[in-house]
Amino acid sequence: MDFLIHHMLRNSAATYPEKEAVVHGSRRLKYREVADRCASIASGLRSASMQRGDRVGIYLDPSVEQVLSIFSVSQGGGVYVPINTVLVPEQVAHIARDCGMKALITTPDKLATLAPALHDISSLQFFVLTDPPDGNVQSKPCHALDDWLRLPVAEQWSDWGISKDLAAILYTSGSTGKPKGVMLSHANVMAGSTIVSTYLGISDRERILAVLPFSFDAGMNQLMTAFEHGATIVLIKFVFAKEIINALLGEHITALAGVPTVWSLLANGGIVKHKFPELRYITNTGGAMPQAVLNVLRESLPTTKIFLMYGLTEAFRSTYLPPEELDRRPTSMGKAIPDTEILVLNEHGGRCEPGEVGELVHRGPTVSMGYWGNREATDRVLKPNPLLPPELGDCEKVCYSGDLVRMDDDGFLYYVGRRDTMIKSSGYRISPTEVEEVLFQTGKIRQAAVIGIPDEVLGQTIKAFIVAKDGAPLDCDAIQEFCVEKMPRYMVPKNFEILQELPKTSSGKVDYPALRRREGL
Amino acid sequence: MPENTDAIVRIRQFILQRFPLAKRRKVTDQDNLLESGVVDSLGVLELVTFMQQEFSVTVNDEDLTPENFQTIECMAQFVARLALQSGARE
């Protein structure tokens, strides 16, 4: 019976041992090789004192080692925490501290950059390096992944966990504060994989191109669907649309998932000049695809099915629009994925009528376990299902998305906006307060508020309203330069406006709607 | 190429200001910024916007290649070529 993430790998390795599992550049690993290596690394992790439920960070660019790490940590009984490599050292340190990380898998180069930010994290006991250490002495033991690969594969492997156990923590932002760790059980991840591969019709024949990071739920799900079905996953790190196009053609890709920014890059980057008869489907998530981009894709990919999807990390994947509905409802986010119910609820917890705007509430097997170490935030998002008969008690939690939607008469959903001030840019969720905190760190600003401004390519860009301390003149270029040092690119405000005072509500809080109205939003 | 010197200075200044890794690694005009991860896909978009505004040139999608963006020097040469083309059209 398959009930843990690495069982999917075990199963595919038994059924398709000689089939290509992972491709990265010139490196190609078969399922048998991946399974053997993961078993060895899992033994190594256990011998290095990883216990059941220990959190292991993975800070790697797209690579074979990144895939091996995910399945090895699972097999060893740990919890993997994939970290986007665009994050700056302070943000990585926040994640390590927040989840009480025991070990970090990374490269010697990356560790050299991270080490100063990580030195005082007491939970962190060892590092695992993908290449031989570069001579920099670390304060904690460093193991080499290569050494572990030489460990014999145990004939009898005993798993420590069950499907209810925590498998992964994905860090994501909300409307306030620092990123929070969404906890996913093995059952959550496997349900997400099975559900999505059902409606996408994924089989062992698929060759999936992964351009989204595995720290992002939809990116990770691509990897899971591939390994569940014995398909091939091709990893690339791209800068130019041409690199994606070359991979699509050269690797005979049949499936590609992207966020709107990826599609904009492709639509403006020459996708029209090529034909992709092998590309069976593409999926969009992480924000609405601009209609102009959608039209270009539909024209350039006449034989490719286009699935518009919606999901939030806290509930993994939620809705999809079947390709045959694209003509009729191009602006819809679709309806519930299989084995899932999407409720549109009003403020009293009752169902909205068709056309009435309410909050999207997700019910199903991919509802996460909440935020790591943050019961208060969890209780705001995961609540008892208000529509269950009282006799059932609070046996089931549903996920309140914070997204406002309306449903049409046929049950299709349409995105209306956010309940809160959260910003979304190039697929990333951005908390305004996290950006504002960095602005305050300049020491020159008395008040700051940031909002999202609609943008064709990025979904939203960030505009910052700032008020100087003591009325001193502010140099916006210098402030932007400061931000660039402290945050990844997607979080840095693009525009600044200096105000004498920020608009406030009657309770003295920043009046974000007033700032949006200023911008005509 | 003296006409490139000015472009190199302006592009270098922009990159040092907007790309934190460039400053930290003290990149030279010949360093490959793409392979080292200093400039990513969103970074290229920012560079394109900057080039179009700063040098009044038009960047087309076929121009978006590693050859044109891998070093500060390449970018300056690329901008000079574009300026020449638009000059020829006028």
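Me: Which residues of α2(A) meet α3(A), and what makes two residues count as in contact?
Reply: In α2(A), A:Val34, A:Arg37, A:Cys38, A:Ala39, A:Ile41, A:Ala42, A:Leu45 and A:Arg46 meet A:Leu68, A:Phe71, A:Ser72, A:Val73, A:Gln75 and A:Gly76 of α3(A). Two residues are in contact if their C-beta atoms, placed from the backbone, lie within 7 Å. The model is predicted: local features need pLDDT of at least 70 and side-chain atom pairs 80 or more, while totals for chains, interfaces and linings use all residues. Residues are numbered from 1 along each chain as written, and chains are lettered from A and ligands numbered from 1 in written order.

Me: Why are α2(A) and α3(A) called oblique to each other?
Reply: Their axes (lines fitted to C-alpha atoms over the stretch in contact, with angles from 0 to 180 degrees between N-to-C directions) cross at roughly 55° and come within 8 Å. Angles under 35 degrees are roughly parallel, over 145 roughly antiparallel and 65 to 115 roughly perpendicular, the rest being oblique; the pair is therefore oblique.

Me: What makes A:Val22 buried?
Reply: A residue is buried with 20 or more other C-beta atoms within 10 Å of its own, exposed with 12 or fewer, and partly exposed in between. A:Val22 has 24 such neighbours and is therefore buried. A:Val22 lies in strand β1, and its contacts beyond four places in sequence include A:Val34 and A:Val64.

Me: How do you know that α3(A) is largely enclosed by the rest of the structure?
Reply: In α3(A), 13 of the 13 residues are buried, so the helix is largely enclosed.

Methods: Helices (H or I, at least four residues) and strands (E, at least two) are DSSP runs, numbered from the N terminus.
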